[in-house]
Amino acid sequence: MEKSGYGGQWITLEAGGAMSVPSNPNIGYIEGDGTGPDIWAATRPVLDGAVEKAYGGKRQIHWFELLAGERATKETGEPLPNKTIELIKKSVVAIKGPLTTPVGKGMRSLNVTLRQVLDLYACVRPVRYFPGIPSPVRNPEKVNMVVFRENTEDVYAGIEWESGSAEAELFARLLRDNFGVTLRDLSGVGVKPISPEGTKRLVRRAIAYAIRLGLPSVTLVHKGNIMKYTEGAFRKWGYETARQEFAESTVSEEEVEAGAQGVGGKVVIKERIADSMFQQVLLRPEEYSVIATTNLNGDYLSDALAAQVGGLGMAPGANIGDEAAVFEATHGTAPKYAGLDKVNPGSLILSGAMMLDHLGWTEAGNLIREALERTIGAGVVTYDLARQMKGAKEVGCFRFGRAIVEHMN
Ligand code: NAP
């Protein structure tokens, strides 16, 4: 494993939050546990190769390693050293492999901790189909969506109390004495907070993304028919954000249906109830583009969509906040394959392509996606896809990355 110093320049944030990206940014990487080092070894040459090919040496990433997970524990005694957090803040952009979450009490997921301490409030998951990949649906190519899932609120906020605990009993008493609500004995209790601030910053980011990329719609997915003051409020604040902050560039689906004039080219703001959305993405996927949703809905929906186009092994993702963004493989550490140079590095590679887009280096990001498509089209794949594709040529993890670089030419 190569350790580089900080040979480049730092990305900076301007007033208003825009990133200023030098041609030679320092970017931190976390290799991750289990198969993390395998997929990172395959990914790094793909990212460097795409940047080199797109900009002919005028741009270059200066990588430096960030310690986290099992190696960090071994070397520093801490699974997520403060220095790592500080360096992610400093480099503004980072990429990471999967990290082990030990099962059992007292150990919080490092991924959740990273999201919370860096306030990475938007979990962004693009979902598209790569021809050749086996899919459980008839027309997977119709799926081309980006899910913006709120990452910090909802029942995932970690406000919950175990059945029989003093806190759960106190909470039950509070409800009974003040609101006349009676919980069943020994109920475990969880709280679902959804705030205007949390909703608006997520929806703002989703709409800005659709406008920047010229995408046709943003769909607010919620369960507001049942949970009126949380999911319903998400819908209300979502529409408010569109109306108050993007009046010139957005129009509601209702207005379009009522025959509003001069709406061509505007982003259409739609809304769907979460359960119906699961049907919609199967039956009419071509009608959806950007999705903005609450934490739990987004968790389910992004995995269901990934399965629709052929599985989680290739799904990229990022956790983005106003001051930092961490791009990551969405699968776990797959420990039984660690060190075997076997697993599919596609998820981390595509997350790296997202990272290049985020830097404004879209030419390099596109090169990666096109080359990956050609590589799979040529039947060159890792074991997970080879076992489902007739006539495929199975290659190892590193060799798959190498084939992508070769297909850039
Ligand atoms: P997992 O690591 O995702 O592995 C489950 C199975 O998925 C593997 O056995 C393999 O299937 C397939 N798979 C995963 N990654 C693959 C890849 N790159 N290429 C091909 N196939 C792949 O899930 P897990 O076993 O539940 O979790 C293991 C550890 O990862 C846990 O400690 C968990 O907490 C952690 N985790 C971390 C993250 C993260 O850091 N973001 C996310 C999820 C889980 P086959 O056996 O069929 O080949």
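Leaving aside residues up to four places away in sequence, Gln 280 touches Arg 272, Pro 285, Glu 287 and Tyr 288, where contact means heavy atoms within 4.5 Å. The model is predicted, so local features need pLDDT of at least 70 and side-chain atom pairs count only at pLDDT 80 or more, while totals for chains, interfaces and linings use all residues. Residues are numbered from 1 along each chain as its sequence is written, and side-chain values use heavy atoms, with hydrogens and water left out.

Gln 280 itself belongs to helix α9, residues 274–283 (helices are DSSP runs of H or I of at least four residues and strands are runs of E of at least two, numbered from the N terminus). With a relative accessible area of 14%, Gln 280 is buried (under 20%, with a 1.4 Å probe and protein chains only). The side chains of Gln 280 and Tyr 288 are joined by a polar contact of 2.4 Å (a pair of N or O atoms within 3.5 Å; within protein, one must be able to donate a hydrogen and the other to accept it, and residues adjacent in sequence count only if both atoms are side-chain atoms).

The lining of the largest cavity consists of Lys 96, Asn 111, Leu 114, Arg 115, Leu 120, Asn 319, Val 326 and Glu 328. Two or more of these residues come from each of α4 (110–117) and β15 (325–329), and α4 supplies the largest share, three residues.

Key. Buried < 20%, exposed > 50% of the residue type's maximum accessible area, 1.4 Å probe, protein only. 1 Å grid on protein atoms, 1.4 Å probe; cavity = no way out; pocket = protein on both sides within 12 Å on 5 of 7 lines; lining within 4 Å.
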